[in-house]
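Please take a look at the sequence and structure below.

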Amino acid sequence: MKPPLIILTGPTAVGKTSASIRLAKAVGGEIISADSMQVYRYMDIGSAKISPEEMEGVPHHLIDVLLPNEEFHVVKFQQMAKEALEGIYRRGHIPIVAGGTGFYIQALLYDIDFSLGRENPGLRKELEHFARENGNPALHQKLMEIDPEAARQIHANNRKRVIRAIEFYCQTGSKISEHNAREHERTSPYNFLYFVLNDERNRLYARINSRVDEMMEKGLLGEVKRLKEMGYGRSLVSMQGLGYKELLAYLDGEYTLEEAVCAIKQHTRHFAKRQITWFKRERDVIWTEKQEYAYDEAAIVESMLCLVKRMEEKGKE
RNA sequence: GGCGCCAUAGCCAAGAGGUAAGGCAGAGGUCUGCAACACCUUCAUCACCAGUUCAAAUCUGGUUGGCGCCU
C-alpha cells in the first residue's frame, strides 16, 4: 500500500505558507519544507520563513536545521525529507510537503536515485578550468564524445550541466542521458496529491513587489548585515538567495540601496516565472488558481480537502 | 512670435543611401547532486505626409509633438 503524501507548492509569494497551515490543521498533518533557503538558520526575513507563532502548533521539518555555511542540495534534501517522512508515518500523520523548490519535490516524489555519479569537486574544478581556457564549445565537444545524447540535450553554454554530465560519466562509466531517461520512467512510491497554488501573473508580480518592500521594512538589511558580520560571505550558496545576494552587493558598494531593492523584486519575479514553468511540465499536477476561488483561502483548502478524502479512501482499498 | 535641436519596440540605445546592432523589461522554454542556480528561444520596419533615388530610418519640403534659447 502506497503511503499518502500531499504536496502544496506554487510560485513564491502566492500564499503557500498560510494555506499549508490551514490544510495541515484540517488533515492532522505535519509539514516538510521543500525550500532551499528556509533550511538555513538566521535567514528568516529574506527567505519568508514561517515564524514559530505562525506554525500554530503544526510540526515543521527541514526548517532552521543548517548553518548558512553548510552545504545543501537535492540529495541531502531527499535524505532528510525521507527521514522526516518516516517519523510522520510512524506517528500516523499525513505529511504535507510545502515549498517552492520544484526540483526537490520531484526528487522526493519520484524517489529519484542519486546514488550514482557522486560529486567530484576536483574534477569539477578541472573541467571548469578547461572551459575557461578553451571555451564552452570545447567542453561541450568532450561531452559529445562520451554521451552524444546528453550533449544534444544540454546547451553548450550551460557549463554547469555539461560539467555534471561529464562528471557522471567519469564517476560511473555510464551515460547520464540513459540514467535520466530511466529515472524519468519512475512512478511515485506515494499515494500523492500534487497541488500547485497559482495566481494571475499581474497579481502575483504585484504581491512579490510589495512583499519585498515589507521585508525591507521588517529589517532585511539588518539581517543581511548580521549574517555578514557572522562571517557568512557572498561565495556561499546560501548567500546566493534572493534578497541576500543583492543586499550583500549593496553593502559592497555595487548597488545603491534603491537599485538593490529593485533588483530583488526583478529577480524574484523571474524566479516565480521559472517556478511556474517547472510545474507546468510536471505530471499529475493539480492546478489551483486563486482567482477561481475568489481569493478565498478557506474555499481553496476546502476543495483540497475533498481530494484528500478521496485519496485516503483510495489508500484503504 | 522668432531661431535652433530632437523624434528608432514598454524603456535605454546603435545606425548618417543598400534593405533595422545591442541591453533591459515582457512572453515561452530547458532542467534528474550547486536549482532562490545555470541555460536557451522569441519580440519594430524607424512620429506623420509628400518628394528625390534603381534603393531612404538615413537626403529635401511640409505637418505634428517635445526640448532649449531669444523678443
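## Two helices side by side

In this predicted model, Glu246, Leu247, Ala249 and Tyr250 of H11 meet Leu257, Ala260, Ala263 and Ile264 of H12 (contact means C-beta atoms, placed from the backbone, within 7 Å). By class, this contact has seven nonpolar, no polar and one charged residues (Ala, Val, Leu, Ile, Met, Phe, Trp, Tyr, Cys and Pro count as nonpolar, Asp, Glu, Lys and Arg as charged, the others, Gly among them, as polar).

The axes of H11 (residues 244–251) and H12 come within 9 Å and cross at roughly 165° (axes are lines fitted to C-alpha atoms over the stretch in contact, with angles from 0 to 180 degrees between N-to-C directions). H11 and H12 are therefore roughly antiparallel (angles over 145 degrees).

## Two domains

Chain A is divided into domain 1 (4–112 + 186–316) and domain 2 (121–184), with bounds from an automatic or database domain assignment. Their C-alpha centres lie 30 Å apart.

## Around the RNA

Which residues come nearest to RNA strand B? Of the 47 residues around RNA strand B, they are Ser36, Met37, Phe103, His184 and Leu242 (near means a C-beta atom, placed from the backbone, within 6 Å). H12 gives the largest share of this surface, eleven residues. By class, the surface has twelve nonpolar, 20 polar and 15 charged residues.

## Reading the model

Residues are numbered from 1 along each chain as its sequence is written, while chains are lettered from A and ligands numbered from 1 in the order in which they are written. Local features need pLDDT of at least 70, side-chain atom pairs count only at pLDDT 80 or more, and totals for chains, interfaces and linings use all residues.

Conventions:
Helices (H or I, at least four residues) and strands (E, at least two) are DSSP runs, numbered from the N terminus. Angles under 35 degrees count as roughly parallel, over 145 as roughly antiparallel, 65 to 115 as roughly perpendicular and the rest as oblique.
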